[in-house]
Amino acid sequence: MAAHSFKLDLILDTITDGVLVVNSQGVVLYANQAAETLLARSPIIGQSLAIPLNPDNDSYQDINLIRPDGLAWAEMRSSPLEWDGQPGYVIALRDITERKHMELERQKFVSLADNSMEFIGMFDMNFNPFYINEAGMRLIGLDSLEQCIRTPVQEFFFPEDQGYILEEFFPRVLRDGHADVEIRFRHFKSGAPIWMIYNVFFIKDCNGEPVGIATVSRDISERKQAEAALLEADQRKDEFLAMLAHELRNPLAPISNAVQIMKRSGLDETRLTWCRDIIGRQVEHLVRLVDDLLDVSRISRNKIELKKEPLEVSAIVQRAVETSQPLIDARRHEFTVQLPPEQVYVEGDLVRLSQVVSNLLNNAAKYTDEGGRINLAVEPAGDEIFIRVRDNGRGIDPSALSGLFQLFYQVDRTIDRAEGGLGIGLALVKSLVAMHGGEVWTYSEGRGKGSEFVIRLPCLRTSTVAPIFCQTGARPDEGPLRILVVDDNRDAAQSLSMLLTSEGHAVRLAYDGYTALKVALAERPQIMLLDIGLPGMDGYAVARALRQDPALKRMQLIALSGYGRQGDHEQAKTAGFNGYLTKPVDFDELQGALTQPSFPDHIPS
């Protein structure tokens with residue numbers, strides 16, 4: 001019997017599970033080496049253990065062990081047993097401390113994951129999912145964890161990306177223990193792609209061995225959409241710059257040709273007039289291009305200012321028609337205008353609203369083949385007014401309608417660029433109408449079926465419209481004027497001097513601020529046309545210096561500048577200028593400025 005007991009001890013000491021025999025009071029009668037190790041007590045025989053036991057039946061439970069080195073967990077199985085003639089129990093203990101720690105960590109992970117808005121999931125080493133958090137399931141359109149577990153992992157991804165995931169990405173995870181990629185998940189209900197940063201890494205046990213795979217992934221769809229929009233905007237910018245170069249070269253070519261012709265000797269008056277007309281028309285075209293670009297810049301930076309006043313809509317229409325009529329007539333269109341019998345008023349800027357309507361008329365004229373029909377109609381409706389421009393022209397493809405009012409958008413991008421334009425006219429229309437509290441939209445049934453543009457504006461009640469009085473402050477004709485032209489661009493200064501001299505005025509020139517001061521003090525001109533951007537002493541400094549001399553207070557100062565912002569006008573007024581003209585100067589505007597009263601509105605102290 002002793003030999004048998006010895007062999008049994010040898011056998012029990014070789015197993016990793018702890019085996020104990022205790023009596024009914026919990027005193028240890030037998031323990032193998034694994035039990036002593038697990039309980040951290042040696043020798044343990046004769047010691048009393050506080051272990052919960054079922055006196056009648058077999059029991060199975062997880063128990064917590066308090067050891068000198070901390071807490072441990074064991075899986076305990078016990079059965080009643082008679083040992084050496086006394087009742088007791090045999091107990092088997094299996095160390096599950098590592099498993100319990102992993103479960104606790106998993107519970108912490110799940111608790112954090114369930115409160116996270118990111119996609120968090122866990123997989124076994126074969127990439128079979130066994131957990132996805134609530135936010136993750138909502139993101140991809142799955143209703144339950146069971147549905148997730150039943151779904152093969154590749155089906156979580158957009159079809160075009162599944163091959164990459166299985167053949168390249170997952171092998172990299174298994175090789176390196178982690179990997180990340182920007183990739184498209186699939187929404188299980190809509191099928192739509194969802195751009196994600198897919199970050200995957202091993203879950204490791206306390207020995208550093210991988211036991212699973214986890215992912216913490218973030219939805220980057222908004223960022224991807226923003227990147228796509230930036231890319232599209234950048235592409236439109238490149239197309240715009242190419243178009244701008246084309247549109248600038250077009251008028252420069254006839255100007256250059258006309259200049260070469262004018263250089264030839266013996267040129268008759270007919271050809272000379274023809275050259276002048278060409279140069280004049282093409283310069284006007286260049287000015288319109290620059291004005292459009294400046295308008296876009298002002299609107300995009302919220303720098304444009306409207307001079308709002310009660311306006312009769314018929315006045316807006318009349319001014320727009322005057323602007324667009326030459327183009328309409330040149331293309332031999334049939335043009336009709338329909339106005340309501342009663343007067344209708346809006347509050348707005350006459351120049352800007354006329355520009356809006358004129359832009360739509362010009363588009364209709366350009367994109368309707370010669371001999372087409374264009375109709376402009378004004379329709380009051382309650383507290384609103386609708387201005388409609390219809391044509392029977394080329395029409396617009398439905399796919400292009402959504403982008404039609406975007407900056408630099410071009411419906412036709414053919415190489416010939418026959419109709420010209422920079423793709424900014426309709427963007428200006430939309431912005432200017434919105435600044436007047438209205439909106440603009442378009443209809444078209446497709447190519448070859450014409451189009452209709454509609455402007456909606458709030459209208460004023462007749463009772464709120466006050467009479468508008470015009471006051472003029474022009475001074476009577478005083479004959480030839482003494483004028484000093486100051487500009488560091490000698491060609492600009494000399495050509496303006498020639499124009500003014502041809503009108504009978506006495507003109508002196510200066511090419512910098514210091515010389516301008518000397519000439520002004522010596523000759524006391526009645527008017528100085530002063531460039532702002534002078535080198536050294538700029539135009540503002542010259543103006544302030546001039547206004548310090550009492551003898552020059554009656555001199556009229558008119559600023560010349562390539563900048564036309566409202567802030568530039570205000571700065572010029574503060575410096576002591578009477579007027580402000582934007583280059584290239586329209587000669588009619590210049591002549592009007594020369595006839596204004598010669599006293600400044602504001603003279604700095």
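## Helix H13

At the start of helix H13, a side-chain oxygen of Asp-512 comes to within 3.1 Å of the backbone nitrogen of Tyr-514. A polar contact is a pair of N or O atoms within 3.5 Å; within protein, one must be able to donate a hydrogen and the other to accept it, and residues adjacent in sequence count only if both atoms are side-chain atoms. The model is predicted: local features need pLDDT of at least 70 and side-chain atom pairs count only at pLDDT 80 or more, while totals for chains, interfaces and linings use all residues. Residues are numbered from 1 along each chain as its sequence is written, and side-chain values use heavy atoms, with hydrogens and water left out.

H13 covers residues 513-523, and Gly-513, Ala-516, Leu-517, Val-519 and Ala-520 in this helix are buried (under 20% relative accessible area; exposed is over 50% and partly exposed in between, with a 1.4 Å probe and protein chains only). Helices (H or I, at least four residues) and strands (E, at least two) are DSSP runs, numbered from the N terminus. The cover over the buried residues of H13 includes strands E18 (482-486), E19 and E20 (527-531) and helix H14 (539-547). After H13 comes Arg-524, with a positive phi near 50°.

## Glu-503

Glu-503 sits in the loop between helix H12 (490-502) and strand E19 (506-510). Glu-503 counts as partly exposed because its relative accessibility is 43%. Leaving aside residues up to four places away in sequence, Glu-503 touches Phe-587 and Gln-591 (contact means heavy atoms within 4.5 Å). Gln-591 is 88 residues from Glu-503 along the chain, and their C-alpha atoms are 9.7 Å apart.

## Thr-442

Thr-442 belongs to strand E16, residues 439-443. With a relative accessible area of 12%, Thr-442 is buried. A polar atom of its side chain lies 3.1 Å from the backbone oxygen of Glu-452. Residues up to four places away in sequence aside, Thr-442 touches Ile-396, Leu-401, Leu-404, Phe-405, Glu-452 and Phe-453.

## Hairpin E3-E4

Strands E3 (residues 59-67) and E4 (residues 70-83) run antiparallel and are joined by nine bridges; two strands pair if DSSP finds at least two bridges between them. The two strands form a hairpin with two residues between them. Asp-62 has Glu-75 in E4 as its bridge partner.

## Second largest pocket

The second largest pocket has a volume of about 380 Å³. Of its 19 lining residues, Met-102, Glu-105, Arg-106, Ile-203 and Val-211 are the closest to its centre. On a 1 Å grid over the protein atoms alone, a pocket is an open set of points with protein on both sides within 12 Å along at least five of seven lines, a cavity is a set where a 1.4 Å probe fits but cannot get out, and lining residues have an atom within 4 Å of a point. Grid points are joined across faces, edges and corners, and a volume is the space filled by probe spheres set on the points.

Helix H3 (97-114) and strands E6 (119-123), E9 (193-204) and E10 (210-219) each supply at least two lining residues of this pocket. H3 gives the most, with eight residues. The lining has nine nonpolar, two polar and eight charged residues (Ala, Val, Leu, Ile, Met, Phe, Trp, Tyr, Cys and Pro count as nonpolar, Asp, Glu, Lys and Arg as charged, and the others, Gly among them, as polar).

## Largest cavity

The count of cavities of 30 Å³ or more is one. The largest cavity holds about 30 Å³ of space. Phe-119, Phe-123, Val-153, Phe-156, Phe-157, Phe-185 and Tyr-198 line the largest cavity. By class, this lining has seven nonpolar, no polar and no charged residues.
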